[in-house]
Amino acid sequence: MPSPYRAIFGRPGTKSFSAAGLLGRMPLSMMGIGIVTMVSQLTGRYGLAGALSATLALSAAVLGPQISRLVDRHGQSRVLRPATLVSIAAVAGLLLSAQQRWADWLLFVFAGCAGCVPSVGSMIRARWAEIYRGSPRELHTAYSWESIVDETCFIFGPILSIGLSTAWFPEAGPLLAAVFLAAGVCWLTAQRATEPVPHPREQHTKGSALRSRGLQVLVVTFVATGAIFGAIDVVTVAFAEEAGHKAAASLVLAVYALGSCLAGAVFGLLHLKGHASRRWVVGVCAMAVSMVPLQLVSSLPLLAVALFVAGLSIAPTMVTTMALIQEHVPRSKLTEGMTWTSTGLAVGVALGSSAAGWVVDAAGAARGYLVPGAAGLLAALVAFAGYRRLRPQPTSPLGGPAVAGGLPGQDGPVPERQDEERVA
């Protein structure tokens, strides 16, 4: 039987835009950890390093959905290039400020401006959604593939970023991340044939995609999930440094991503029954439970094993999230909706990395793993509390199925999506 992954690449242009997305997403795994490594090497202050990484993540969280909203209205090629130019200029200013030991406040200014970076992953998934609209099986495989690409970035990105910054010069990691971003966005925006066509102005309603009650649950849960990721990055670097092998942090974090990558590859081959909301809650709870072994590790090899196991629940949960977004967000705001989940992650990364940095400074690296443990518990509690907003609704009195995420009128974007289907 032919591989489902080979089948999705049968459409023209799919290989090229997915490859461009790989380059454009490398900074997602390189920039934050690169800033932590750079600043900790130059100043020895993990608190400052975590705060700068948090500032970058928060800025991306604020600006990312606005950029994606413009993309939904005007198209990827018209919006992504100028946004990327601003981000790269800010990164250049940040590196120069760090190298010249300028004032801390200037570092924060440049880190904030660097957040004007497009959510390349959302752009790629929007192209897949356009190509395989109405083909849920193929779209599931495509989303699984993109999760594999995400985790590939997180396997090799930290190795490159930390490795170059420790072996060459401190600014090397963030610098290479900026180069990847420029190359990926330029390549992607040059591919106009697969770019989703902007929706007509009359199909755009006022307000944000975040009006969806289902999307709200996903975003809030992802804030806690992002705190797991941000804290683990910072604490693992500090843990490796305390063990006398700081450069090994990149390998340990790569093992974390490898677990997610393998799980995502298998998940894409499965044809699962039942509604996605149940699988999503199970995935979030699995992530929470996987934080428990981190509290007991005492060496880098044990930490690598614990992080590999923790990574197994990440990609399947992310793939399921994309499926739920399509149910709860109208097509004219799909890119924005996908970016809001990235925003939730970014906010969580900011909070988690900052909190973990202060805990490491105050109590040591081993105690720092309490931060992702608490974040995992919070994510599970929010997922349970919001499950009713995500699960499918019973049949309506008129004989048709109620829209997932709420009855019409409860979930703002739902009526608009129904109108779009009639127009299409």
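A pocket is an open set of grid points with protein on both sides within 12 Å along at least five of seven lines. In this predicted model, the largest pocket holds about 850 Å³ of space. Its lining comprises 39 residues. Pro136, Leu139, Tyr143, Ala323 and Gln326 lie nearest the centre. Two or more lining residues come from each of helices H3 (46–74), H6, H7, H11 (276–289), H13 (314–328), H14 (334–363) and H17. By class, the lining has 19 nonpolar, 11 polar and 9 charged residues.

The mean pLDDT is 82, and 89% of residues reach 70 or more. Helix H17 (residues 414–423) has the lowest confidence, at a mean of 35. Over residues 395–424, pLDDT stays under 50. The model has 51 contacts beyond four places in sequence for that stretch.

Confidence is highest in helix H8, at 94. H8 covers residues 172–189, 18 residues in total. The helix reaches 26 Å from its first C-alpha to its last, close to the 26 Å expected at 1.5 Å a residue. Its buried residues are Ala172, Gly173, Pro174, Ala177, Ala178, Phe180, Leu181, Gly184, Val185, Leu188 and Thr189. These buried residues pack against four helices: H2 (14–43), H4 (76–99), H6 (120–131) and H7 (136–167).

Note on methods: Residues are numbered from 1 along each chain as its sequence is written. This is a predicted model: local features need pLDDT of at least 70, side-chain atom pairs count only at pLDDT 80 or more; totals for chains, interfaces and linings use all residues. Side-chain values use heavy atoms; hydrogens and water are left out. The expected span of a helix is 1.5 Å times one less than its number of residues. Buried means under 20% relative accessible area, exposed over 50%, partly exposed in between (1.4 Å probe, protein chains only). Contact means heavy atoms within 4.5 Å. pLDDT is the predictor's confidence in each residue, from 0 to 100. On a 1 Å grid over the protein atoms alone, a cavity is a set of points where a 1.4 Å probe fits but cannot get out, and a pocket is an open set with protein on both sides within 12 Å along at least five of seven lines; lining residues have an atom within 4 Å of a point. Grid points are joined across faces, edges and corners, and a volume is the space filled by probe spheres set on the points. Ala, Val, Leu, Ile, Met, Phe, Trp, Tyr, Cys and Pro count as nonpolar, Asp, Glu, Lys and Arg as charged, and the others, Gly among them, as polar.
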